[in-house]
Structure formats: C-alpha cells, structure tokens
Amino acid sequence: VDTDGLVDGDALTAITLTPSGSDVTTEGKITPSEATTTNGIANYNVTYAAGTLTITAVAATVTTAPTALELTYSGSAQALVNAGEPNNGTMYYQMTTNNEQPTSTDGFTGDIPTAINAGTYYVWYYAKATDTNHSDSEISTTGIEVTIAKKALTITAKAQTISYGSDITTGVDQVDTDGLVDGDALTAITL
C-alpha cells in the first residue's frame, strides 16, 4: 500500500484491502478501507484510492500421469493406457506411431487412445482447463511407449500319405492352427 500525507513519525499500522472479485481479469480493483495509524487515523482526512487488480489464469496440472498397459494382439481395439488424473482440468490424449511430441493440441481428445494391431505406439497427454480461471497444461514431454505384443500362433501341417512321385495336397485346409483370434482366419499358406 502506498501512502501520501502521513506526518513524520506516524505510520500505517493496519488496513483492509478488498478485491473486486476472484476470477481471471485485467480490470479488477483493490479497494482499501479501515486504515489505522500509530498516532490515530482521526487526525487525517482520509481519501482511499482503489488499485488495479490483475488475476491471471493458473495452469491445470496432471497429478497422476497415465500408465502403459501390457497388451497382446486380440483382434479388437484395446485401450493403450490407464487414465491419468488432472487437477483443474480434464485429461486429453493423442496416439502416434513415432516418438515425436505433437507441436499443438490439435488432434487430442478426451478419449483414451486405442489400437488393434501388434506394434509400438506412443501416447501423449495434457490437462485441458475446465474453466476460464485455468489454462491448459503443457503437452507431456515424453510419450508413453506402449507395445501390443504379437499373439503366439502355431501352424501344424496335417499328416498326409502319398505315393512316390505324387505331390502333397496343399491349401489352408491341410493345416491346423492354434492361436488365431476370433474372426481371423488363415487365408494362404505354402506347404
């Protein structure tokens, strides 16, 4: 608090400062009142002048980062990570197949990314602000590496008996498979 007019030896000992609000603003006011001085405020003709109040947004934060799931190819879409936990925001995610941090939040959604095929994926995240008093957090600097492992598949040729000089019977019906996921089928094989 700045003062103008106090006599030598007198000092401001207390004052009440009241903000005009608590939401983000560049046009707020701080109103002073109820001042007291060492020698008594009654000795002064007090004029209170409001000060300017600027309230800036606070960034939403990620309090618990998402974590990778251990996955094996199943033929169906699988969530790649466990959800993260934000403070003053909502978690947003994006999946890439390379380990390069996205340069903007375009393409991020509130849905946990999924993938079907075996391979390596990277999940990026940030906390998106849920109100005007908060700003979005930064995009994670490191992608969460998630691997969907290949499912084991055993292909066994069926026994055949042929005469000398004859060719074996070929085709997918001449083998047994163990490990194909529902909805998947062997379409060709060389015997």
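Trainee: In which strand does Met-91 lie?

Mentor: The model is a predicted one, in which local features need pLDDT of at least 70, side-chain atom pairs count only at pLDDT 80 or more, and totals for chains, interfaces and linings use all residues. Residues are numbered from 1 along each chain as its sequence is written, and side-chain values use heavy atoms, with hydrogens and water left out. Helices (H or I, at least four residues) and strands (E, at least two) are DSSP runs, numbered from the N terminus. The strand that holds Met-91 is β11.

Trainee: Is Met-91 buried or exposed?

Mentor: A residue is called buried under 20% relative accessible area, exposed over 50%, and partly exposed in between, with a 1.4 Å probe and protein chains only. Since the relative accessible area of Met-91 is 5%, the residue is buried.

Trainee: How far apart in space are Met-91 and Ala-65, C-alpha to C-alpha?

Mentor: Leaving aside residues up to four places away in sequence, Met-91 touches several others, including Val-62, Pro-66, Tyr-125 and Tyr-126, where contact means heavy atoms within 4.5 Å. Ala-65 is 26 residues from Met-91 in sequence, and the distance between their C-alpha atoms is 9.5 Å.

Trainee: Which backbone nitrogen does the side chain of Ser-137 reach?

Mentor: Ser-137 sits in the loop between β14 (134-135) and β15 (144-149), and it counts as buried because its relative accessible area is 14%. Among the residues that Ser-137 touches, not counting those up to four places away in sequence, are Ala-60, Val-62 and Tyr-126. At 2.8 Å, its side chain reaches the backbone nitrogen of Ala-127.

Trainee: Why does Thr-141 count as exposed?

Mentor: Thr-141, like Ser-137, has its place in the loop between β14 and β15. Its contacts, not counting residues up to four places away in sequence, are with Gln-101 and Trp-124. Thr-141 counts as exposed because its relative accessibility is 67%.

Trainee: With which side chain does that of Gln-174 make a polar contact?

Mentor: Gln-174 lies in the loop between β16 (154-157) and β17 (175-178), and it is buried because its relative accessible area is 15%. A polar contact is a pair of N or O atoms within 3.5 Å; within protein, one must be able to donate a hydrogen and the other to accept it, and residues adjacent in sequence count only if both atoms are side-chain atoms. At 3.5 Å, the side chain of Gln-174 makes such a contact with the side chain of Gln-160.

Trainee: What distance separates the C-alpha atoms of Thr-13 and Ser-166?

Mentor: Thr-13 is found in strand β1, and a polar contact of 2.7 Å joins its side chain to that of Thr-36. Ser-166 is 153 residues from Thr-13 along the chain, and the separation of their C-alpha atoms is 111 Å.

Trainee: What is the phi of Glu-34, in degrees?

Mentor: Glu-34 lies in strand β2 (residues 25-37) and counts as exposed because its relative accessibility is 61%. Although Glu-34 is not a glycine, its phi is positive, at about 55 degrees.

Trainee: And what value is the phi of Asn-88 near?

Mentor: Asn-88 lies in the loop between β10 (85-87) and β11, and it counts as partly exposed because its relative accessibility is 34%. For this residue, which is other than glycine, phi is positive and near 65 degrees.
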